[in-house]
Amino acid sequence: APKQQTYRRAHRFPARLEVSDNYKARAYQTVEIPVAPRSDRPLRVNCGVWTPDRMCFSRAADWVDSPGRLWLHDQAFTVGTWGTLSADNNTAGGLLYSGDVAGTVDDVLFQYGRAKGYTATYRVPLSNGTYQVAVGFADVWSTNAGQRTVNISLEGVWGPGWDVYALAGPKTAFVATQSVT
């Protein structure tokens with residue numbers, strides 16, 4: 001009997017087709033189906049959560065914040081969906097802070113990060129238009145301003161050298177929003 005599955009979020013999903021005949025001989029094949037982001041729906045990614053033990057197709061690797069919004073874990077870019085182009089460096093660049101983060105009730109969204117000197121590049125193919133992009137940070141490692149800066153570029157827009165410690169304080173959530181065309 002035909003079976004249909006509707007995926008309501010942008011991600012990559014495994015699909016397994018199994019066939020058996022009257023003699024109980026069976027064969028199967030698993031394929032990965034990319035589901036692209038839609039321009040009329042928000043795409044929320046908890047960057048930094050892409051680690052070998054969390055890179056899976058399970059809802060357990062994703063996060064639902066206090067207002068009930070879904071945040072997807074990092075994934076490597078695949079044609080037809082979104083992801084990081086620097087996936088081979090993620091295990092070396094990933095950091096985990098397990099303490100409290102001020103300014104948020106959703107600490108998990110600010111506890112994963114990148115090592116100093118790490119470059120993360122993402123590709124999110126969308127149709128032409130204007131989009132609101134929000135990025136969130138918490139400097140949970142520095143002990144003074146000026147020890148760590150973040151450079152952001154979205155379609156060539158935005159500025160380098162954000163000192164999150166100086167902008168928000170130690171171990172405090174900081175979110176900036178920019179309109180990008």
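Nine residues make up the largest nonpolar core: Val135, Phe137, Val150, Ile152, Trp158, Trp162, Val164, Phe174 and Ala176. The model is a predicted one. Apart from it lies another core, of seven residues, including Tyr97, Ala138, Val140 and Ala173.

Look at Phe137. Leaving aside neighbours within four places in sequence, Phe137 is in contact with Phe110, Val150, Ile152, Trp162, Val164, Thr172, Ala173 and Phe174. Phe137, Trp162 and Phe174 form one aromatic cluster.

Now turn to the aromatic pairs. The count is three. In one of them, the ring centres of Tyr97 and Trp141 are 5.9 Å apart; their planes stand at 80 degrees, so this pair is edge-to-face. Tyr97 lies in the loop between strand E7 (94-96) and helix H2 (108-111), and Trp141 in the loop between E10 and helix H3 (164-168), so the pair ties together parts 44 residues apart in sequence. Tyr97 is buried, at 13% relative accessible area. Trp141 is partly exposed, at 43%.

Phe137 and Trp162 are also edge-to-face, because their planes are at 80 degrees, with ring centres 6.1 Å apart. Phe137 sits in strand E10 and Trp162 in the loop between E10 and H3, 25 residues apart. Both Phe137 and Trp162 are buried.

Asp65 lies in the loop between strand E4 (63-64) and strand E5 (70-73). Is Asp65 buried or exposed? Its relative accessible area is 4%, so Asp65 is buried. The Asp65 side chain reaches the backbone nitrogen of Arg69 at 2.7 Å. It also makes a polar contact with the side chain of Trp71, at 2.8 Å.

Definitions and conventions: Residues numbered from 1 in each chain as written. Predicted model: local features only at pLDDT ≥ 70, side-chain atom pairs only at ≥ 80, totals over all residues. Heavy atoms only, no water. Core = buried A, V, L, I, M, F, W, Y, C linked by side-chain atoms within 4.5 Å. Buried < 20%, exposed > 50% of the residue type's maximum accessible area, 1.4 Å probe, protein only. Contact = heavy atoms within 4.5 Å. Helix = DSSP H or I, 4+ residues; strand = E, 2+ residues; numbered from the N terminus. Polar contact = N/O pair within 3.5 Å; in protein donor to acceptor, adjacent residues only side chain to side chain. Phe/Tyr/Trp six-rings, centres within 6.5 Å; stacked < 30°, edge-to-face > 60°.
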